Amino acid sequence: QVQLVESGGGLVQPGGSLRLSCAASRIIFSIYNMGWYRQAPGKQREMVASILSGGTTTYADSVKGRFTISRDNSKNTVYLQMNSLKPEDTAVYYCGASWTNSYWGQGTQVTVSS
C-alpha cells in the first residue's frame, strides 16, 4: 500500500520558518510528480507548490518568493521550505503524488500565530 507521510508542521510566529517533509513508500518515487497542497478551515484545498519528475517547479502566487519545494529521489522525499510565514498560511498541509494514479498524505497542521 502506498504511503505518504508528512512531518514538520507546528506552531510558528509570523515571520518564522518551517520545513515540511513528505516521505513516500511503495511507489517509484522518481517518476511521480509531487505537490504540496493546503486547506484552511472553511476553504477549499489549494495547490501551494509542485515539482515534476524532471524537476520543474510551480508555485501559487501567494507563496512565490517565500516557499521552496524540492525533492530528493534517493530518499523518496519531497520538502517544502516555508519562510516569512504569515497568519494566512495557517492550514493543514498535504503532500500529493501523481502519475497514472494519485495519492495523498494524512496532512500536517501549520499554525502561524503570535
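The dialogue below reads a predicted model of one chain, feature by feature.

Visitor: Which conventions should I keep in mind before reading the model?

Guide: Because the model is predicted, local features need pLDDT of at least 70 and side-chain atom pairs count only at pLDDT 80 or more, while totals for chains, interfaces and linings use all residues. Residues are numbered from 1 along each chain as its sequence is written, and side-chain values use heavy atoms, with hydrogens and water left out.

Visitor: How many helices and strands does the chain have?

Guide: Helices (H or I, at least four residues) and strands (E, at least two) are DSSP runs, numbered from the N terminus. By that reading the chain has zero helices and 11 strands, and its pattern along the sequence is β-β-β-β-β-β-β-β-β-β-β.

Visitor: What does the radius of gyration say about the chain?

Guide: The radius is taken over C-alpha atoms, and the globule rule is 2.2 Å times the number of residues to the power 0.38. For 114 residues a compact globule would have a radius near 13 Å, and the chain, with 13 Å, agrees with this. Along the principal axes, the C-alpha atoms fill a box of roughly 40 × 25 × 25 Å.

Visitor: How should I read the two faces of strand β1?

Guide: In a regular strand the side chains alternate between the two faces of the sheet. In β1 (residues 3-7), Leu-4 and Glu-6 form the covered face, whereas Gln-3, Val-5 and Ser-7 lie on the uncovered one.

Visitor: Which strand pairs with β1, and in what sense?

Guide: Two strands pair if DSSP finds at least two bridges between them. Strand β1 pairs with β3 (residues 18-25) in the antiparallel sense over five bridges, and within this pairing Gln-3 stands opposite Ser-25.

Visitor: How are β4, β5 and β6 joined?

Guide: Strands β4 (residues 33-39) and β5 (residues 46-51) run antiparallel and are joined by five bridges, with Gly-35 opposite Ser-50. They form a hairpin with six residues between them, and Gly-42 in the turn has a positive phi of about 80°. Strand β5 also runs antiparallel to β6 (residues 57-59), through three bridges, and here Ala-49 has Tyr-59 as its bridge partner.

Visitor: Where is Gly-55, and is it buried or partly exposed?

Guide: Gly-55 lies in the loop between β5 and β6, strands that form a hairpin with five residues between them, and Gly-55 has a positive phi of about 105° in the turn. At 36% relative accessibility, Gly-55 counts as partly exposed. The C-alpha atoms of Gly-55 and Asn-33 are separated by 8.8 Å, although the two residues are 22 apart along the chain.

Conventions. Buried means under 20% relative accessible area, exposed over 50%, partly exposed in between (1.4 Å probe, protein chains only).
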